[in-house]
Amino acid sequence: MWGERESLINARVRRLAPTPFVIEAFIDNVARQIGNPVHWIPSLSSGTGMTGLSVRCQTTGAAVIFSPAGVPPEYSAHCVGHESWHLLEGHLCSARDASATYRDGWSGCVARRREREAERFAKRIGLAAAHATSLAVSDDRTRRLASAFGLYAG
Ligand SMILES: [Zn+2]
């Protein structure tokens, strides 16, 4: 069971994480996968204590992902990745799982499993974004070094 879910997580990362990683392109891929538009609103303020929220309209299927404002791109990717997992799994509202994780019994158990899977997926999406950022930085460094030696103009 764990191995199967792990394979599903890895397969989805391979299918949905664009190379180079651009968060908007990732969201487009998620939208294509679920067959409905996904709107991204990176505007949660730090005072809310929330790292993300996804809600799906039951009639149109359209989804909205909220993530924190003013955070590094890798962290945004992590939060959006987590919420995307809920959408890919057909969860209508991620807030329900987040609050149920503290509950005992079967619903708490299911919610905790969903949260753990969402986090495993999110971690890999965050890593893909971090990798893209470090590539961009090293590209920039290479460019500056090259231009310092008169090898690259621009
Ligand atoms: Zn969650």
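## A first look at the strands

How many bridges join β1 to β3, and do these strands run parallel or antiparallel? In this predicted model, β1 and β3 are joined by 5 bridges and run parallel. Within this pairing, Ile41 stands opposite Phe66 in β3.

Strand β3 also pairs with β2, which covers residues 53-56. Here 4 bridges link the two, and they run antiparallel. Val55 stands opposite Val64 in β3. Together β2 and β3 make a hairpin, with 6 residues between them. Look for Gly61 in that turn: its phi is positive, at about 85°.

## The overall layout

Now step back to the whole chain. It holds 5 helices and 3 strands, and reading from the N terminus the order is α-α-β-β-β-α-α-α.

The chain has 154 residues, and 27% of them count as buried. Of the contacts between residues at least 6 apart in sequence, 62% join residues at least 24 apart.

## Inside the core

The largest nonpolar core has 24 residues. Those touching the most other members are Phe21, Phe26, Ile27, Val38, Val80, Ile125 and Ala129. At least two core residues come from each of α2 (23-34), β1 (38-44), β3 (63-68), α3 (73-88) and α5 (105-148). The helix α5 gives the most, with 7 residues.

Leaving aside residues up to four places away in sequence, Ala129 touches Phe21, Ile23, Pro73, Glu74 and Ala77.

Note on methods
Residues numbered from 1 in each chain as written. Predicted model: local features only at pLDDT ≥ 70, side-chain atom pairs only at ≥ 80, totals over all residues. Buried ≥ 20, exposed ≤ 12 C-beta atoms within 10 Å, placed from the backbone. Contact = placed C-beta atoms within 7 Å. Core = buried A, V, L, I, M, F, W, Y, C linked by C-beta atoms within 7 Å. Pairing = 2+ DSSP bridges.
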